[in-house]
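Me: Can you walk me through this one? I'd like confidence, then the cores, then a few local details.

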Amino acid sequence: MRQLVLNIAPEVAELLGSEDAILAAFDAAELGFVCTACGQPGTLTATDRASVVAYLPDHGRGAPVVRYAHEHCQASELLTVDTPVGDDPGSVWPAQAWLRPDDDDPAAVVLIGPRLAALRVTDGGETIDRITAGLLGVGFELLDGLDGPMPNVEGLAVRLGLGDRVSVVDGDDCPLWDGPLVLPPGWTEAATTTGRVGVVVASGLNLLDVERDHLADLHDATGRGAAVAATAQLLTDD
Ligand SMILES: [Zn+2]
């Protein structure tokens with residue numbers, strides 16, 4: 001009898017499809033894996049539990065990919081992702097520029113929606129999101145609504161580059177997010193006039209799904225404490 005705990009969500013079990021495939025998943029996890037959430041190696045043993053995380057790449061058109069996570073890093077889940085699954089599916093963090101009304105400060109905001117919620121369960125049994133928890137630890141605060149305040153975080157900066165490239169960096173100039181964004185009219189002016197850009201990281205968004213109302217999703221995220229925000233200083237290269 002196996003004394004191993006490998007979490008398999010019902011929809012993941014359905015994807016695996018047979019008892020043999022599930023036993024093969026145990027075997028694979030016992031051989032060792034790179035955790036989908038923290039990137040560190042793991043092994044399913046009598047004392048180390050794991051979760052099966054299944055991905056449906058390329059909006060569900062690609063062949064399913066089965067990976068593993070430490071139990072304390074990520075729950076078993078089936079995730080549809082927009083890209084082919086590479087070595088580090090957790091690095092997929094789509095973002096968009098968001099312009100709030102003039103009287104909200106800051107008005108120019110970078111909204112980042114990590115595709116993978118790296119969940120862990122605290123000793124008290126609540127589930128917390130490792131990404132937002134990490135940001136709270138460096139000075140971000142929970143965003144309490146779409147017009148909510150965003151505290152200044154020392155060293156947090158946003159740099160605008162050529163081709164509407166936007167980089168969000170921390171105090172050590174380490175990139176939190178970097179890439180081209182479609183900037184709505186007035187966004188750059190709001191950022192340059194005030195020198196302030198909001199940075200919001202929220203879980204549970206799907207920014208690449210154009211049919212979704214992202215601000216409605218963000219509003220829901222603020223309601224369940226899943227959105228954190230801070231204000232960055234704008235840096236310009238010229
Ligand atoms: Zn892990």
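This is a predicted model: local features need pLDDT of at least 70, side-chain atom pairs count only at pLDDT 80 or more; totals for chains, interfaces and linings use all residues.

Me: What does the chain average in pLDDT?
Reply: The chain averages 83. Of the residues, 87% score at least 70.

Me: Where does pLDDT stay under 50?
Reply: Over residues 86-91. The model has nine contacts for that stretch beyond four places in sequence.

Me: On to packing. How many residues has the largest nonpolar core?
Reply: It has 37 residues. Val 110, Val 199, Val 200, Ala 227 and Ala 229 have the most contacts inside it.

Me: Which elements each supply at least two residues of this core?
Reply: Helices α3, α4 and α5 do, along with strands β8, β12, β13, β15 and β16.

Me: And what is Val 200 in contact with, leaving aside neighbours within four places?
Reply: Val 109, Leu 111, Ile 112, Leu 143, Ala 227 and Ala 229.

Me: What does the second, separate core include?
Reply: That core has 17 residues, among them Phe 33, Cys 35, Leu 44 and Tyr 68.

Me: Switching to Gly 155. Which strand is it found in?
Reply: Strand β12, residues 152-161.

Me: Why does Gly 155 count as partly exposed?
Reply: Because it has 15 C-beta neighbours inside 10 Å. Buried would need 20 or more, and exposed 12 or fewer.

Me: What does Gly 155 touch, beyond four places in sequence?
Reply: Asp 170 and Gly 171. Its C-alpha is 8.1 Å from that of Val 169, 14 residues apart along the chain.

Me: Last one: how far does α2 reach?
Reply: Helix α2 covers residues 19-31 and reaches 19 Å from first C-alpha to last, close to the 18 Å expected. Gly 32 follows α2, with a positive phi near 115 degrees.

Methods: Residues are numbered from 1 along each chain as its sequence is written. pLDDT is the predictor's confidence in each residue, from 0 to 100. Two residues are in contact if their C-beta atoms, placed from the backbone, lie within 7 Å. Helices (H or I, at least four residues) and strands (E, at least two) are DSSP runs, numbered from the N terminus. The expected span of a helix is 1.5 Å times one less than its number of residues. A nonpolar core is a set of buried Ala, Val, Leu, Ile, Met, Phe, Trp, Tyr and Cys residues joined through C-beta atoms within 7 Å.
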